[in-house]
Amino acid sequence: MTSRIPTPVPCLLGPTASGKTAAALALAARRPVEIVSVDSALVYREMDIGTAKPTVEERALAPHHLIDIVDPADAYSAADFRTDALRLIGEISARGRVPLLVGGTMLYYKALTQGLNDLPAADAEVRTALDADAARDGWPAMHARLAAVDPVTAARLAPNDSQRIQRALEVFTLTGQAMSALLAAPPRSDDAAQAWRFVPIALEPSDRSVLHARIERRFDAMLADGFVDEVVRLRERGDLSPGMPSMRCVGYRQVWEYLDGVIDYPTMRDKGVFATRQLCKRQLTWLRSMPERVVVDCCDGGATARVVSVVEGLI
């Protein structure tokens, strides 16, 4: 017997504001693609402006998946994404269409292509207790607590990186083991992904200042389009808090601080731009650790055409 040759699945990856949506829609105009979002912010409903979610008109140009599937009060994990993405890839292919993965959440992509480590799911009770400790002692003190039980993880986190400090302490509380040790273990895998050959096509800038300028313009456009009002509506629901994963998305946490009166409007705007640039830096670091990727310069005027050419060569 001969083993089946894995089917190539194009994966259009890149940092924020690199032009992924434009390239994906250009492909949709030429090929029967269905877009599977690889973005941890786009899963949330009611969060449209601050996530730069594709518009209703853009989504009408091709089927989009894994957008608007989770309430902001709920969690959605990399494991959830892997399960959903593999199911969708199979269903899209069975329809005779091309699954096109598009996004910038590299943890999702890693989970999909490499499997998952044995990390516990989020625990609301543990997180509430940790938040209470942090409110009393401050996140630098929580960082010191983490350093005592998991110095490897603590060494790579800033003392005020509340989201990641909380997660590492949560993992230790639930398992009694350091998160760094669990992540160092070989990931769990299964046969579900073996039928596919994921091909990463990375939109990366030859000049990072060009991308930084795009990020600044886009954040200003979000503010002009009513981003602050969007966060006001989310706060008015009464069931959301700044510690939730949805409200920790870049931009939302800064606007929440502004609405709390912690910072003024110009500071909120500057912090939002800076946080988005930091996200961009982390995304590029992930991408550059993938030697198998096909790099397309997102600063080049012909970037979209180049992406179309690469994907058409695969399918």
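How much area is buried between domain 1 and domain 2, and what percentage of it do carbon and sulfur atoms give? In this predicted model, the domain assignment gives domain 1 as residues 7–116 and 200–313, and domain 2 as residues 124–184. The contact takes 4 residues from domain 1 and 6 residues from domain 2, and the area buried between the two domains is about 380 Å², of which carbon and sulfur atoms give 29%. On the side of domain 1, P245, R248 and R282 lose the most area to domain 2, together accounting for 87% of what that side buries.

A search of the whole structure, by contrast, finds 26 salt bridges. One of them joins E34 and R97, whose closest N and O atoms are 3.0 Å apart; E34 sits in strand β2 and R97 in the loop between α3 and β4, 63 residues apart. E34 counts as buried at 4% relative accessibility, whereas R97, at 31%, is partly exposed.

K53 and D68 meet in a salt bridge at 2.5 Å, N to O, and because K53 lies in the loop between β2 and α2 and D68 in the loop between β3 and α3, the pair ties together parts that are 15 residues apart in sequence. Here K53 counts as buried at 7% relative accessibility, while D68, at 27%, counts as partly exposed.

Finally, E216, D220, R269, D270 and R277 are linked in a network of salt bridges.

Methods:
Residues are numbered from 1 along each chain as its sequence is written. This is a predicted model: local features need pLDDT of at least 70, side-chain atom pairs count only at pLDDT 80 or more; totals for chains, interfaces and linings use all residues. Side-chain values use heavy atoms; hydrogens and water are left out. Domain bounds come from an automatic or database domain assignment. Contact means heavy atoms within 4.5 Å. Buried area is the accessible area (1.4 Å probe) that two parts lose on being put together, summed over both. A salt bridge is a side-chain nitrogen of Lys or Arg within 4 Å of a carboxyl oxygen of Asp or Glu. Helices (H or I, at least four residues) and strands (E, at least two) are DSSP runs, numbered from the N terminus. Buried means under 20% relative accessible area, exposed over 50%, partly exposed in between (1.4 Å probe, protein chains only).
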